[in-house]
Amino acid sequence: MADQSAHDSEIVGRVIDLLGRRDPAQRHEARLLWASRPALYLLLRLSSRGGPIRRVPRLGWVVNDPVVARRILNDGAHFTLLGEGGVGHLWAQVLGDYVYRIFDGPGHADLRSRARDLFTDATARPLVRRVFDPALQPAVERLRAGEVVDLADLSRVLVGRMMADLLGLDLPPEDEHYRAVFGTGERLAKLALGSAASTELPPEVVAQAKPIIADLTRNVPAAFAEAPAETLLGRCRELGLSLEETSGIAALLMVAGTETAATAMARTVALLHDTGQQHQLRESPELLPDAVREGLRVTTPAPLIGRSVSNDVTVGGASMRAGERVMLLTYVANNRVGRFDVNRPYVPETRQLWFGAGRHLCLGAALARAEISHLLQAILDAGPIRVVSRRPARGVLIPSYAELGITTAPPR
Ligand code: HEM
């Protein structure tokens, strides 16, 4: 069965190559999306042509244009993430009704203004170094010694370490514990997979999600009571959040910041390899922030953002009715300007749409950038790399590599 599906996927991969006639980097990205989420891949491919906004049966309004997408994300008077089609709707069913109070509207605005400095560039960099280096530096040594390192696995372990740190989990130093933390977050995210047509969760999915959240946040009560004010949980306490709300935010961070960050890390390294631009980056290290930005733009780890129309509105000539769903295909919108290129200047139309926009703009953006940047720097320092194996993950919410073997050893 597994052989058959790998074989089918191989054939489809070849068709993608033939149809697309793209460069190797684009081909690998297309194959990854196809293998991880075939229906999503088809939606993105089919929606990349045509007007900026259109109505698709069963899905609702589909937007592929960065400017229209940002206009919707900035319009809190007509769009919400708490209604059908929005991620807040999913969370409210699992976490409780307080989500309606703090995930949108005035309660959310208040929380966001108090949480403004939770992650800044200045605080994220030392945090990433402290949390990543115990696992990253040994991997870099192995690369320097010419061994093969599975960068997809390493990214999962590093992000698992970050989550354990943020959630106050007191775990032994071995990688396996952090791999498991990542896996738990992944299982939780996977439960959202069936929500493309509706964000109303069946009772059995809610029942599966609750123990996973309880497991992930098991140390939050203790850490919430004692954690120093500069830690995430201590900060939530100082902001006046209740323990229940803090546990909810902790669970949200797990889902929002695990698979997204890990896939961006591994795929950006693959893009640097597949485009050959790792060499230019090694010669011109000042391009590192541009490489991070391009990696985020091209991979767009959250490839679509959902919203619900809360009040009738006309956008881009489309008359939307309250209760309808809107899908913002950020992957398509961000990739319109072209392929991965570390020399590409900042693109004003997309800005940083890979992190969303408006009042729900990613809270962990600075942390995610610091994570990708620190990993890229460490890999570049190890020497020119070659990808020796790669395998996409299947049936995951966020398209990603299951395995990405890299080495600095020359080909035999
Ligand atoms: C490359 C990595 C990441 C990407 C691409 C990403 C992307 C996004 C996007 C697109 C949104 C907006 C969702 C919406 O409007 O419905 C978002 C929100 C959010 N992200 Fe991230 N994210 C990343 C990493 C992280 C990390 C590392 C954290 C924290 C540890 C984080 C925490 C959050 C939170 C809490 C929100 C909700 C903000 C709100 O609703 O006010 N994210 N993220």
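This is a predicted model: local features need pLDDT of at least 70, side-chain atom pairs count only at pLDDT 80 or more; totals for chains, interfaces and linings use all residues.
## Around the ligand

Let's start with the ligand. It has 26 residues around it, and His108, Arg112, Arg307, His360 and Cys362 are the closest. Sorted by type, the shell holds 17 nonpolar residues, six polar ones and three charged ones.

The side chain of His108 has an N or O atom 2.7 Å from a ligand oxygen. For Arg112, a polar side-chain atom also sits 2.7 Å from an oxygen of the ligand. His360 has a side-chain N or O atom 2.7 Å from a ligand oxygen too.

Where does the shell come from? Elements that each give at least two residues include helix 7 (105–114), helix 9 (151–166), strand 5 (305–309) and helix 19 (365–382). Helix 14 is the top contributor, with four residues.

## What about disulfides?

The count of disulfides here is zero. Take Cys236: its closest cysteine sulfur belongs to Cys362 and is 15 Å away, so the two are too far apart for a bond. Cys236 is buried, at 2% relative accessibility, whereas Cys362 is partly exposed at 29%.

## A buried spot in a loop

Ala393 belongs to the loop that links strand 9 (386–392) and strand 10 (401–407). Is Ala393 buried or exposed? Its relative accessibility is 11%, so Ala393 counts as buried.

Which residues does Ala393 touch, leaving aside neighbours within four places in sequence? They are Ala35, Ser36, Ser400, Tyr401 and Ala402. Ala393 and Glu403 are 10 residues apart in sequence, with 7.8 Å between their C-alpha atoms.

Definitions and conventions: Residues are numbered from 1 along each chain as its sequence is written. Side-chain values use heavy atoms; hydrogens and water are left out. A disulfide is a pair of cysteine sulfur atoms within 2.5 Å. Buried means under 20% relative accessible area, exposed over 50%, partly exposed in between (1.4 Å probe, protein chains only). Contact means heavy atoms within 4.5 Å. A residue is near a molecule or strand if one of its heavy atoms lies within 4 Å of it. A polar contact is a pair of N or O atoms within 3.5 Å; within protein, one must be able to donate a hydrogen and the other to accept it, and residues adjacent in sequence count only if both atoms are side-chain atoms. Ala, Val, Leu, Ile, Met, Phe, Trp, Tyr, Cys and Pro count as nonpolar, Asp, Glu, Lys and Arg as charged, and the others, Gly among them, as polar.
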